[in-house]
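Here is a short report for a first look at this structure. It takes up a few loop residues, then the ligand site.

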Amino acid sequence: MPELLLTARNLTKRFGGLAAVNDVSLDLWRNHIHAVIGPNGAGKSTLTNLLSGDLPPTSGSVTLGQRDVTGWSPEKISAQGLGRSYQKTNIFLPFSVWENVRLASQSRQPQAFRWLTPATHLIAVNARCERAIELSGLKHRKNSIAGTISHGEQRQLEIAMTLATEPQVLLLDEPLAGMGTVEAERMVALLLGIKKDHGILLVEHDMDAVFALADQLTVMVNGQVIASGTPVEIRADAGVQAAYLGEEH
Ligand code: ADP
Ligand code: MG
């Protein structure tokens, strides 16, 4: 039986009269990629913000592992095992790849190694940063200045920075945005590797990537879930074809 890592139950977020997210429920399992798709304005980014604690829900609940984390701060949710990348990058361009990953590792979970001696702490932090960089395919760029690597590599660095916090769940909002074909294929391969140890909630517009990656899909339109299921089920869904996939795919 796979392990349930993250659940959303009846999540709603209202901005004034607008229900940006309206009664959304979903499950994310370890070793799975759960893609959330839908047109612009569907509520996908708002949903990720509810899951990460960046926005409090109007109603509904979020469970991470065995814990009800509804209303928790982003810092507490991060420490509980959820790592997220932001659409707006927080890479320090003058710093090296390694330094960026080290900073992310320490800034997000300063308490993680508090019981270790300083030397053991250093070894543990360095090991998890090495691992994050390797999993993100950036080993050969470890000492490069972040501002000098390609756009695609900067997106890989964001994944490395997220992994350095040792999350169980990764929440990725459009990790392929702005990528060419080769970069996108590299990112798809990376995400397939990363899902071996994690659960990934993926918001993405690139439908080729989504259907190559997703184990499960949730389709949102106007804040609501109009369909959820496996890629085969979603492709065959007439309502999804009409509302979304028909135009783009
Ligand atoms: P998506 O990521 O699917 O494109 P969003 O979650 O960004 O959609 O937006 C969903 C809806 O909520 C849109 O109509 C958007 O204008 C609105 N919205 C998003 N954030 C806010 C906010 N902070 N205040 C008011 N309205 C918002
Ligand atoms: Mg968005």
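## Two asparagines with positive phi

N31 sits in the loop between strand 2 and strand 3. Strands here are DSSP runs of E, at least two residues long, and helices are runs of H or I of at least four, both numbered from the N terminus. The phi of N31 is positive, about 70 degrees, although N31 is not a glycine. Most residues other than glycine have a negative phi. N31 has a relative accessible area of 34%, so it is partly exposed. Buried means under 20%, exposed over 50%, and partly exposed in between (1.4 Å probe, protein chains only).

N222 also has a positive phi, about 50 degrees, and is not a glycine. It lies in the loop between strand 9 (216–221) and strand 10 (224–229). N222 counts as exposed because its relative accessibility is 61%.

## Basis of the model

This is a predicted model: local features need pLDDT of at least 70, side-chain atom pairs count only at pLDDT 80 or more, and totals for chains, interfaces and linings use all residues. Residues are numbered from 1 along each chain as its sequence is written, chains are lettered from A and ligands numbered from 1 in the order in which they are written, and side-chain values use heavy atoms, with hydrogens and water left out.

## R30 in the loop

R30 is placed in the loop between strand 2 and strand 3 (33–37). Is R30 buried or exposed? It counts as buried, because its relative accessibility is 19%.

The R30 side chain makes a polar contact with the side chain of E3 at 2.7 Å. It makes another with the side chain of Q168 at 2.6 Å. A polar contact is a pair of N or O atoms within 3.5 Å; within protein, one must be able to donate a hydrogen and the other to accept it, and residues adjacent in sequence count only if both atoms are side-chain atoms. Leaving aside neighbours within four places in sequence, R30 is in contact (heavy atoms within 4.5 Å) with residues including P2, L5, D197 and H198.

## The ligand site

Residues around ligand 1 include F15, L18, P39, N40 and S45. The side chain of K44 has an N or O atom 2.8 Å from an oxygen atom of ligand 1. A polar backbone atom of G43 is 3.0 Å from a ligand 1 oxygen. For a backbone N or O atom of A42, the distance to a ligand 1 oxygen is 3.2 Å.

Helix 1 gives the largest share of the shell around ligand 1, three residues.

Methods
Near = heavy atom within 4 Å.
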